[in-house]
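Colleague: I'm new to this one. Could you show it to me and let me ask how you know what you say about it?

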Amino acid sequence: MRRKILGMVILLVLLASVGAGAKPTIRYATSWLQRVGGSEWEKQIYAYADAVKDKVTFKWEITQGDDLRTKIKTDLAANNLPDVFNYWTRGSLKTMVDAGKLMEVHDYLKNSKVVKWEDFPFDDWAAYSLDGGKNVYGFPIEGSTAFMLANKKLFAKYNLKYPKTEAELLAVSKVFNANGIVPLAIGSKGGNPAHFWVGEIFYQLAGDAQGQGFTNGTVKYTTPEMLRTAQLIEEQRKAGVFPKDTLANGDFGPAVALYNEGKAAMIMSFPWMISTFSKDIVAGSDYIYAPAMPGAKNLPTSFIVGGANHGLVVNAASYKDPAKQAALTDFLDFFLSDKQMNLLASTLGLWVDKNMTLDEKMLSPLYVMTGKGVRGKNLWINLWTRMPDPTTAEVFSTAADELWAGTITPQGYVDEVQKSLDDYFASNR
Amino acid sequence: MSLRKGAGSFTVAFLAPGLVIYVAFVVLPVALSLYYSLTNWNGVGPQRWVGIHNYIKMFSQDPKYWTVVKNSFFLVGLALIVQNPMGIFLAYLVSRTKHGYKLFRSIYFLPVVISASATAVMFSVIFNNQVGPFNQLGKFLGVSFLNVNWLSDPATVLPVVASVQVWQYMGIQFVVFLAAVQSIPSDIIESALLDGASSVRMLFSIVVPLLWEVVQICVIWTVTGALKAFDHAWLMTWGGPGIASTYLPVYMFRMAFKESSFSYGTTIAMSILVFSLVFTVFFKRFMSRSTDQF
């Protein structure tokens with residue numbers, strides 16, 4: 001009797017496993033779900049999964065912010081990479097690309113009935129490439145376009161004009177500091193959002209070509225322009241341009257919190273934070289450009305720091321799996337459709353890189369304001385994305401924390417980053 | 001007394017599950033970590049054997065490592081100086097309280113049950129120079145020495161981050177010592193009182209000697225716990241600015257998960273294990289004495 005029962009149990013388990021194997025499971029790891037809880041984009045994702053549940057089971061692995069990077073690295077080390085996941089661009093991908101873990105996009109594009117190569121700008125495809133765009137390992141969805149806002153009321157209250165030069169920036173900072181207002185809400189925690197300000201000043205002094213040289217080692221980080229950038233930042237720190245406690249007020253969220261509360265006069269922020277700005281503060285803000293630094297070769301009104309920063313990548317082994325390929329192709333067709341891109345922009349505020357016209361009626365006022373401000377400007381890639389691998393990106397970030405906190409000299413800052421780049425190029429020749 | 005026939009397999013059957021779990025979740029990870037520390041591995045692809053190269057790098061070529069060790073030892077020192085003495089003192093006071101015993105016990109243990117994340121975020125706001133109540137109070141009272149960038153100034157960030165951790169977990173030592181104090185036979189206390197012993201004399205001459213084995217355990221917990229500290233430093237400052245508030249586990253995390261140097265990260269993890277083991281062995285060897293008996 002016992003043997004019969006045992007036999008039946010084993011048979012049932014086998015049947016269940018066979019049944020389960022017939023329908024693939026797709027694991028999607030992301031930081032976009034639950035970012036704005038109950039958003040229409042999110043509802044559409046779940047509705048899609050529900051509509052195809054007879055053919056494929058979706059498993060959502062949701063991790064917010066930079067913790068998604070940690071989660072993916074852990075999964076990678078455990079040989080348990082999700083089937084499809086959001087990830088960052090360029091140097092961040094290096095270890096996965098070198099190990100052949102990521103699908104090359106043309107494998108999908110030849111199967112897709114919806115998405116074409118021309119749907120995304122080449123420069124954005126190149127963000128997911130390590131060889132100048134020959135082989136591309138991800139879909140560039142989100143841009144990191146930096147924008148600056150000024151609080152109209154605060155400037156009017158102290159009878160100040162928006163600073164157009166660094167001297168004016170230092171002058172208005174003096175007034176704001178005397179009245180307990182943070183002039184410019186840029187702190188640094190894990191390099192955020194400070195490295196964008198580094199990029200802004202550096203590009204004014206040097207231009208995009210030098211920045212490109214950091215990635216392939218043809219330009220040293222210790223260039224006079226980068227040293228001058230660090231010196232200007234130190235000057236601004238001493239003048240109280242930034243929050244006093246740069247670490248506690250660092251990272252993207254605390255900066256917006258300061259600005260939303262009317263405790264900061266200006267802010268540099270980014271598309272993924274658009275949904276966190278209050279309606280009142282947006283209505284009371286003007287879009288401004290960074291002030292021109294002394295010796296600037298490129299006017300701040302001529303370029304924007306940004307570039308494709310985040311998007312979707314696919315596990316190469318998953319796409320090669322015949323059981324999963326059709327399901328992944330269909331999911332990507334849905335995910336990368338114009339309708340979903342519109343929803344990403346309107347509900348999450350993401351700066352969508354796809355070649356398409358967004359429905360402005362769906363977009364937030366801040367999104368529209370930023371769109372007008374960046375129109376026609378050169379787009380120069382943020383320096384964090386220019387770092388060739390995760391190690392150099394990490395050193396670049398922590399060095400920014402030290403520069404903002406005043407615990408490192410400008411020379412020490414450029415030397416620290418250069419050392420990390422030297423170590424990288426020495427071991428990757 | 002010999003085991004009955006079949007008792008051996010009965011014993012094994014009951015010990016086996018625990019042993020299997022212990023091997024799977026403790027012994028195996030430690031052994032794998034040791035192996036990874038002897039390789040060059042970025043978390044993907046094959047591990048390349050490099051022998052003790054990572055250890056040589058850690059001990060002699062990485063100046064940041066020794067700064068991080070110093071930070072961890074600072075936390076250990078602060079925890080030892082504050083948590084255990086305060087734990088015994090508060091436990092002694094509370095045990096002698098006639099009214100409000102349960103209230104005080106709950107108050108002192110409450111910080112322990114709050115999540116470390118919530119505590120870290122809360123104190124990040126409290127110590128925020130721009131908006132935190134600590135600095136606002138200083139401005140209100142006109143006290144300039146409170147106007148400090150607590151979390152950005154390398155001179156203050158480590159003491160602040162360490163203090164938050166020490167404060168939060170002091171309740172653990174407190175409840176352990178409270179239970180131990182309450183287990184001291186009441187006739188010993190009464191005899192001491194009859195002999196005219198003051199409260200202070202009773203604490204140092206009777207209570208502490210009687211609790212010596214408990215003190216040893218709490219000291220080992222404190223040291224090993226401090227050596228594993230991660231949450232507060234990471235959530236408040238990410239170990240920054242630079243490595244000013246980085247402990248060994250934070251450094252290990254940054255190496256493994258931020259810089260994708262898994263082998264170097266596990267090398268640091270092994271050093272944490274070695275520090276903990278060395279301390280435990282030496283402490284038990286040189287500080288161990290039998291608890292006084294009355």
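Colleague: What should I know before we start?

Modeller: This is a predicted model, so to speak of local features we need pLDDT of at least 70, side-chain atom pairs count only at pLDDT 80 or more, and totals for chains, interfaces and linings use all residues. Residues are numbered from 1 along each chain as its sequence is written, while chains are lettered from A and ligands numbered from 1 in the order in which they are written.

Colleague: What makes you say that chain B is in contact with chain A?

Modeller: Two residues are in contact if their C-beta atoms, placed from the backbone, lie within 7 Å. By that test 28 residues of chain B meet 29 residues of chain A. Helix H12 (residues 248–258) of chain B gives the largest share of chain B's side, three residues. "Helix" here is a DSSP run of H or I with at least four residues, a strand is a run of E with at least two, and both are numbered from the N terminus.

Colleague: How do the residues on chain B's side divide into nonpolar, polar and charged?

Modeller: There are 11 nonpolar, 14 polar and three charged. Ala, Val, Leu, Ile, Met, Phe, Trp, Tyr, Cys and Pro count as nonpolar, Asp, Glu, Lys and Arg as charged, and the others, Gly among them, as polar.

Colleague: What is chain B made of?

Modeller: Chain B has 13 helices and two strands. Its C-alpha trace spans about 80 × 70 × 30 Å along its principal axes.

Colleague: Which domains is chain A divided into?

Modeller: Domain 1 (18–143 + 308–366) and domain 2 (147–306 + 387–427); the bounds come from an automatic or database domain assignment. Taken over C-alpha atoms, 30 Å separate the centres of these two domains of chain A. Their contact takes 15 residues from domain 1 and 14 residues from domain 2 of chain A. On domain 1's side, helix H4 (94–98), strand E4 (139–143) and helix H17 (365–374) of chain A supply at least two residues each.

Colleague: Why is strand E3 of chain A called mostly covered?

Modeller: A residue is buried if 20 or more other C-beta atoms lie within 10 Å of its own, exposed if 12 or fewer, and partly exposed in between, with C-beta atoms placed from the backbone. In strand E3 (residues 84–88) of chain A, five of its five residues pass as buried. A:Val84, A:Asn86 and A:Trp88 point one way and A:Phe85 and A:Tyr87 the other. In a regular strand, side chains alternate between the two faces of the sheet.

Colleague: How do you know which strands E3(A) pairs with?

Modeller: Two strands pair if DSSP finds at least two bridges between them. Two bridges join E3(A) to strand E1 (residues 25–30) of chain A, running parallel, and five join E3(A) to strand E12 (residues 308–314) of chain A, running antiparallel. A:Val84 stands opposite A:Tyr28 and also opposite A:Val314 in E12(A). E12(A) is joined to E4(A) as well, by four bridges, antiparallel.

Colleague: What makes the six-strand sheet of chain A open, and which strands are its edges?

Modeller: The order is E2-E1-E3-E12-E4-E13 in chain A, with mixed pairing. Strand E2 (57–62) and strand E13 (351–352) of chain A each have a single partner strand, so one side of each is left without a neighbour in the sheet.

Colleague: Which strands form the four-strand open sheet?

Modeller: E6-E9-E5-E10 of chain A, in that order, again with mixed pairing. Strand E6 (182–184) and strand E10 (285–288) of chain A are its edges, pairing on one side only. E6(A) and strand E9 (residues 264–269) of chain A run parallel, with two bridges, and A:Leu184 stands opposite A:Met266 in E9(A).
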